[in-house]
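Good morning, everyone. Please look at the structure on the screen while I take you through two of its aspects.

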Amino acid sequence: MFDTPINERHARIDWILVVALLGLMAVGTAFIYSAASTQDGAGQLAWYQQFHVKQLVWYSIGLSFAVIIAVFDYHVLSRWAMIAYWVAILLLILVLIPGIGKVIFGARRWIDLGFFNLQPSEFAKLAFLAANAHFLSRPRDELRSPGNFWKSLGLAALPMALIIKEPDLGSALIFIPMSLGMLFIAGAPTRFLAKLVGVAAVFVSVMVIHTLFAPPQLQIIEEYQRKRLLVYFGADFAPRGASDEVRRQKQREQRQYSYNVEQAMISVGSGGLLGKGWCQGTQNALGYLPRAVAHNDFIFSVIAEEKGFIGSVFVVTLYSAILFSGIRIAGQARDRLGKLLAGGVVIMLFSHVFINIGMNIRIMPVTGVPLPLLSYGGSSVVCALIAVGILQNVHLHRRAY
C-alpha cells in the first residue's frame with residue numbers, strides 16, 4: 001500500500017509539512033492568548049509568565065529538537081531506540097513514586113523539574129514508536145512467528161499498564177492504534193491481527209456493558225473514568241430503585257461531570273459560520289467554558305466559537321496536510337524502517353486529533369488527550385514537534401541509498 005514511486009524533482013524539504021506546522025503554531029499561540037486572557041489575574045502576570053509566551057518557548061525548544069532529529073539519518077537514531085524506550089519506562093515508574101511524581105487534579109502524571117513539569121507518558125509514546133519500528137523492521141519472514149508478534153504487543157503493553165496506573169486512560173489508549181497500525185504496516189499476518197482485533201472488540205464491549213450496568217462496588221476502573229463513560233453514553237448516575245434524595249444527589253453529580261463537555265458543545269455550536277471574533281468568545285470570557293481547561297483540552301472549542309465553522313475547517317485542513325504528507329512520506333520511504341516510523345507518527349497524531357476534537361463535539365468521551373501543537377503544554381508540544389521532525393527525517397533521507 002505504500003509502494004509509491006519517488007519523483008526525484010521533489011524538494012529536499014517537505015514544504016507542505018513545514019507550512020502546515022507553522023500555521024498550527026500560529027493558531028495555537030493566538031488562541032491560547034485568547035483562552036487564557038480572561039483568567040483571573042492574567043493581566044497582572046509578567047509578560048514572560050503569560051501562557052502564550054510560554055507556549056512560544058515550547059515551540060522553540062520543540063523546533064530545535066525537530067531540526068536535530070531531522071538531520072541525522074533515522075537508521076543511526078534507531079540504534080538508540082531501545083535505550084530511549086527503557087529510559088521512558090524508568091520515567092513512568094518514577095512518576096508513580098510519591099515525592100517524585102506530582103499530583104494534579106488527583107492524577108500523578110508529572111515530574112516537577114522546577115522550571116518544567118515533565119509528563120513521561122508523552123515521551124513514552126515516541127519512545128515506543130521508535131522501539132517498535134526498530135523491532136518490526138526485521139525480515140518479513142520473522143514477523144510470521146507468533147513470538148515476535150506478541151513481543152511487539154508487549155512493547156506496548158508495558159507502558160500502557162504504567163500509564164493506566166497514573167491514571168491516564170486517554171494516553172494509554174493511544175498505544176492501541178499505534179501498535180496495531182504499525183504491525184499492519186510491517187506486514188504481520190492478517191490472521192493474527194484479525195484475531196487480536198476480534199478479542200479486543202469483545203473485551204471493550206464487555207467492559208462497556210460492565211461499566212454501565214455493574215454496581216459501583218464491582219467496578220474495575222477508576223470511579224471518575226466510570227462517570228465519564230456514563231456521561232458519554234447518557235446513562236443515569238442513580239442506581240435502580242434509588243430513593244428520591246439519592247436520585248437528586250446523583251443528578252447534581254451528573255450535571256457536574258457533564259458540564260465541561262456541554263459547555264464545549266455550546267461553544268462549538270454558537271460560533272456559527274464565521275465565529276464571534278478573536279477574543280470575543282462569550283463562553284470563554286464569561287467562564288462557562290472552564291478556564292482551567294479552555295487553553296488546553298478544550299482549545300478547539302475556543303477556536304470554533306471565535307472563528308466558527310470556517311476556522312474549524314481551517315484547523316482540520318492544516319492537520320490533514322500534515323497527515324497526508326506523512327502518508328506520502330511513508331510511501332516514499334526507502335525501507336520498512338522508514339515506512340514504520342512515518343506511519344507510526346501519522347497514526348499517533350491522527351489518534352490525538354480525532355480523540356480531542358471528538359470529545360469537544362461529544363462523539364468521544366472526555367479523556368484529557370491534548371490537541372497536538374494547539375493545546376497548551378510543554379511535553380505534548382515538544383513531543384509533537386519531534387514527531388514531525390521524524391517525518392521530515394524520513395523524507396530527507398528517502399533517496400540516500
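This is a predicted model: local features need pLDDT of at least 70, side-chain atom pairs count only at pLDDT 80 or more; totals for chains, interfaces and linings use all residues.

Let us begin with the helix pair. Helix 8 covers residues 175–186 and helix 9 covers residues 190–213; their axes lie 10 Å apart, at an angle of about 165 degrees. Angles over 145 degrees count as roughly antiparallel, and the two helices are therefore roughly antiparallel to each other. The crossing of helix 8 with helix 9 is left-handed.

Which residues meet where these helices pack? From helix 8 there are Leu 180, Leu 183 and Phe 184, and they meet Leu 193, Leu 196 and Val 197 of helix 9. In terms of class, this contact has six nonpolar residues, with no polar and no charged ones.

I now turn to the cavities. The structure has three of 30 Å³ or more. By class, the lining of the largest cavity has six nonpolar, two polar and two charged residues.

The second largest cavity has a volume of about 50 Å³. Which helix gives the most to its lining? That is helix 14, residues 299–332, with three residues. Among the lining residues of this second cavity are Leu 24, Tyr 319 and Val 388. By class, its lining has eight nonpolar residues, no polar and no charged.

Definitions and conventions: Residues are numbered from 1 along each chain as its sequence is written. Side-chain values use heavy atoms; hydrogens and water are left out. Axes are lines fitted to C-alpha atoms, for helices over the stretch in contact, and angles run from 0 to 180 degrees between N-to-C directions. Helices (H or I, at least four residues) and strands (E, at least two) are DSSP runs, numbered from the N terminus. Angles under 35 degrees count as roughly parallel, over 145 as roughly antiparallel, 65 to 115 as roughly perpendicular and the rest as oblique. A crossing is left-handed if the near helix is turned anticlockwise from the far one by less than a right angle, and right-handed if clockwise. Contact means heavy atoms within 4.5 Å. Ala, Val, Leu, Ile, Met, Phe, Trp, Tyr, Cys and Pro count as nonpolar, Asp, Glu, Lys and Arg as charged, and the others, Gly among them, as polar. On a 1 Å grid over the protein atoms alone, a cavity is a set of points where a 1.4 Å probe fits but cannot get out, and a pocket is an open set with protein on both sides within 12 Å along at least five of seven lines; lining residues have an atom within 4 Å of a point. Grid points are joined across faces, edges and corners, and a volume is the space filled by probe spheres set on the points.
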